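Hi,

Here is the structure I promised to pass on. My notes follow below it.

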Amino acid sequence: MAEGENEVRWDGLCSRDSTTRETALENIRQIILRKTECLRPPYRPSDGLSNAVSLDGLNKLLAHLLMLSKRCPFEDVREKSEFILKSVQELGIRIPRPLGHGPSRFIPEKEILQVGSEDAQMHTLFADSFAALGRLDNITLVMVFHPQYLESFLKTQHYLLQMDGPLPLHYRHYIGIMAAARHQCSYLVNLHVNDFLHVGGDPKWLNGLENAPQKLQNLGELNKVLAHRPWLITKEHIEGLLKAEEHSWSLAELVHAVVLLTHYHSLASFTFGCGISPEIHCDGGHTFRPPSVSNYCFCDITNGNHSVDEMQVNSAGNVSVSDSFFEVEALMEKMRQLQECRDEEEASQEEMASRFEIEKRESMFVFSSDDEEATPARDVSRHFEDTSYGYKDFSRHGMHVPTFRVQDYCWEDHGYSLVNRLYPDVGQLIDEKFHIAYNLTYNTMAMHKDVDTSMLRRAIWNYIHCMFGIRYDDYDYGEINQLLDRSFKVYIKTVVCTPEKVTKRMYDSFWRQFKHSEKVHVNLLLIEARMQAELLYALRAITRYMT
Amino acid sequence: MEKMSRVTTALGGSVLTGRTMHCHLDAPANAISVCRDAAQVVVAGRSIFKIYAIEEEQFVEKLNLRVGRKPSLNLSCADVVWHQMDENLLATAATNGVVVTWNLGRPSRNKQDQLFTEHKRTVNKVCFHPTEAHVLLSGSQDGFMKCFDLRRKDSVSTFSGQSESVRDVQFSIRDYFTFASTFENGNVQLWDIRRPDRCERMFTAHNGPVFCCDWHPEDRGWLATGGRDKMVKVWDMTTHRAKEVHCVQTIASVARVKWRPECRHHLATCSMMVDHNIYVWDVRRPFVPAAMFEEHRDVTTGIAWRHPHDPSFLLSGSKDSTLCQHLFRDASQPVERANPEGLCYGLFGDLAFAAKESLVATESGRKPYTGDRRHPIFFKRKLDPAEPFAGLASSALSVFEMEPGSGSMSWFVDTAERYALAGRPLAELCDHNAKVARELGRNQVAQTWTMLRIIYCSPGLVPATNLNHSVGKGSSCGLPLMNSFNLKDMAPGLGSETRLDRSKGDTRSDTVLLDSSATLITNEDNEETEGSDVPADYLLGDVEGEEDELYLLDPEHAHSEEPEYVLPQEAFPLRHEIVDTPPGPEHLQDKADSPHVSGSEADAASLVPMDSSFSLISVSHALYDSRLPPDFFSALVCDMLRFYAEQGDVQMAVSVLIVLGERVRKDIDEQTQEHWYTSYIDLLQRFCLWNVSNQVVKLSTSRAISCLNQASTTLHVNCSHCKRPMSSRGWICDRCHRCASMCAVCHHVVKGLFVWCQGCSHGGHLQHIMKWLEGSSHCPAGCGHLCEYS
């Protein structure tokens, strides 16, 4: 009975109506006060256990409040939750404080849009996102650099997770967990573990894939191949999933699962690529320790970049301003040259073909020297098997995979039709998202305005596809070499193939003069190109299975 | 004939002949094009570029244009076109953005003529001017169209679509200066070749990319477009605004569209994904293709009519590396196979059904009673022979009238409401349901329940609750032959139970029979069956095995006796298609009461004594036997469920399925279960039995069903103050900012179940109101109303 009364309902806060929110907050305040009531001295030792339990419960509430006070798009909620926290603190109870430096570890908090200072369009986006999820996650806060994309992204994600689809809700979150776990992305795993439990998923499944239904276990193999070596997907994989007696997937379910898998693989790339911090209310996002104890947090240590380090980098950046200024200039000059001399200098056919091969081969060797192991905060490894299976470069290991020619199987003509046939509307949504990501431009480059960046964007996009062996007949892969320098390639390669190895150093060392929003833009290109590449391979296999 | 002569003239004296044929290419084709003389076809693809001669019986490779040591991307063709004026002139569009022209008249082995490398992206389409010898048009992924004069080294003019990639360009056949282009964003543009600055006209034709277009060869205004949205649209361009005159919905995205020569309304399409067939549509009949060519095993990438004035030859190239010539007369015509049928319900439950006469005739000849027996509703059939139908010479219209009263489904409603499906031990559920069925006069069903109970519940319980004492005793005594009673023995002792015994006897035989033929008895037919007032056949579960051989000896014979008895009709439709007993089941029921006996029945009657003695033996055997595990019967039970479902009593099937749960579920495949569930739920909802249907949904184990409860769970409410819909939250109004539903007892907002008195419209939490009403019958809000809740 008491439990029921103390059940906190957060959903009232998602309302757009301020009175509702106020009522809900008042409710929460009362509950919290009641809870603190029983915690306060006189302390009875016999209650030790139950106290610990209720303290745990209270701490969760407080953490959630903390999140609200920072991240709720509604001002009244932010203020009020802060007020509640304060009043709790006055009662002598330790309250949590956020760890880290805002939504991203790579981007200084001041660069990122503060909740509360957004314009009307962004506010609508925030409110929508908040209403749907009950939170405003760090990914959203970073993506809001590009509201146009964010809108499409949120719409797609909402549709994939919450709207009509062949898979039950808890399956969807579980597949999300599986996909994120392949890249040891504890951030996404944490988020979706919560969501998974929220929609009624069986907590047992979270102990590892072997506890999930056979049907999901069967998907493990596809997940693995798709994440690391999508070019190895064959129609036999598909057949194995579709014809597994009572555990078989239907085509529609499979397409849904594939879309989810690719979505979360690439989202994991984004999470690492932009250094998304843990959510405030999740593990590792807050601490109850007073600030004096330590000045940096766990996740900073593991990545070797606590605040001091950041300062150094920043100062280093300042020193090399002139250096990097030339970088931008040089890049622009190259673009200009390419634009002009394209017609004059005509590379021979063999030349063109070999350029692709060279680029493909070279992309294998582009790898960061620092092979630090990031330690996942939550034990995510239990969500997948065969941890040793990672991105393997094809040619380096002697396997030669026939080049995937986009002219023979492309998203617009083939992939879209297939997805839309089997999972209506989603093809449309993803198609839109690809388009927005590919065509997004503000015609700026660092400090320059009115620049046609299409060439650069195309180079990035095609470079990523090139890493997956996807070739565009009508593209001169020599351009990539001209436009993308080595540190940038290292970053792209790492984000796309082994996102868990991205470090702040890598993030900082490419395109030093560019704005953070531009780097996030690059990330959007990366994740969409990656998603499309994976989808193309998976859908081609499905098509082959069907014919 | 006239057409033929035209063809002949066009061909310069030779008549086009040939047959349906195909030849294997070395590589997948991307496009094909036909020479003006209709005797040669060029096939182009990523790694193929060849010219084939079309001969009477086969394709003969004539020329391989892919020469040179190294494969070049310039030869990786996305499209190819043969000039319709000059037999020596070809143009290809390469995937790397190069436009190449070829001159077959060149003496050297390499026929490559000119190379235009102006496009930055893949060129999707090339098109020659229909009359001008030197004008070539190209459309590319980079969004530009270029017009080349083949006498010059570079393009004459460039047209910018100002939008996304160009997917197709086509010169108008009639208007010298006009061409149409289609775009990836769904637009179609019309251009004047003299004015490269802007297009003449632009409109959005499709949702998503427009992959192809084709001008009508005769009608100057008509343009057909095909898109990713699976539509083919025909536009009339002569009017001020492009008007959609026809629309054909296909099943996959449309990759190519080509008007059929000499057939004003016909066009051929092929698709880009999934579907491999080529269809020829009559645009006036957009739902069924006029013809269908099914030769290809992978997607068809190029289609071309062989001759511009001959409608019967179609050439096609495909990703499956074949080149085909299709003859129109060899095409499969879906229209022929389609059975035009119409079905409509009248206001009072009458049913009208129209179909081709031939269909109706054969159908009814074969199964005279199908319709009547399956449904609990009885139909009278009137045949209205001369019902005119457009295009169909003979069709029949049948009207089925409902007999007043017979359509009553009250038994269904009662059963649905009173059945217990869960929450109690299996035995109780079965008993309860049996009782319900019995009270509703559905003895057959009642017996089934009893049987299920016997099969699945522990043996000890059985005799105690059953009426049949004699057997009960038998089992307790366990004497081998103690109950080898026959008819006469029974009569004095049990009075009216002669009949019982008989029915028992035949149940026996029946079971055995069924067992041997692996089907199930029982039939939910709502009619009286006399044996059924006693659960006489509760024993049948025990007996089976050893009886088999006895009856297998003479299955014919066993079967023939069926009509004599009461129950046999059950098994009847299942095993035999009413072959030797022309009267329908209704007659059988009557017969039990009336002395009227048909010939075959008389025969059977003579067998009675022997039969009953068999059964008696079997009973005694049975009593010895230890119980068979319930698993043993699961096949039987499943068959029974199927039988019920087939009989139209899906209610029984689903109820049993739910009650038995895991015991039988695994033996019936998911799809069937799902099908039953959906039908039952649908029925329940038609009778407004929402609660029951919800219970069924909840109890179902099929995932597809249980998620029904998760779909559209939104409940829309209006604010009680301003009467506007409350969109964001159900309990607070966005407009008047008031909490709409306060509990009159606790004065808090009600967010879950809200009950209110319809008299004074005060209400609140269900629990609170219930508690309140225990103490007082006045309204808790203090309005003085004496609240009433139903």
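How many residues does the contact take from chain A and from chain B? It takes 33 from chain A and 34 from chain B, with contact meaning heavy atoms within 4.5 Å.

Before the rest, the conventions. This is a predicted model, where local features need pLDDT of at least 70, side-chain atom pairs count only at pLDDT 80 or more, and totals for chains, interfaces and linings use all residues. Residues are numbered from 1 along each chain as written, chains are lettered from A and ligands numbered from 1 in written order, and side-chain values use heavy atoms, without hydrogens and water.

The interface: chains A and B bury about 3200 Å² between them, 48% of it on carbon and sulfur atoms. That is accessible area (1.4 Å probe) lost on being put together, summed over both. The rule finds 5 salt bridges across the interface (a side-chain nitrogen of Lys or Arg within 4 Å of a carboxyl oxygen of Asp or Glu). A:Asp408 forms a salt bridge with B:Arg46, with the closest N and O atoms 2.9 Å apart.

Now helix H8 of chain A, residues 169–182. Helices are DSSP runs (H or I, at least four residues), numbered from the N terminus. Of its 14 residues, 12 are buried (under 20% relative accessible area, 1.4 Å probe, protein chains only). Among them are A:Tyr171, A:His173 and A:Met178. The buried residues of H8(A) pack against helices H7, H9, H10 and H12 of chain A. Just after H8(A), A:Gln184 takes a positive phi of about 50°.

Best wishes

Conventions:
Buried area = accessible area lost by both parts, 1.4 Å probe. Helix = DSSP H or I, 4+ residues; strand = E, 2+ residues; numbered from the N terminus. Expected span 1.5 Å × (residues − 1). Buried < 20%, exposed > 50% of the residue type's maximum accessible area, 1.4 Å probe, protein only.
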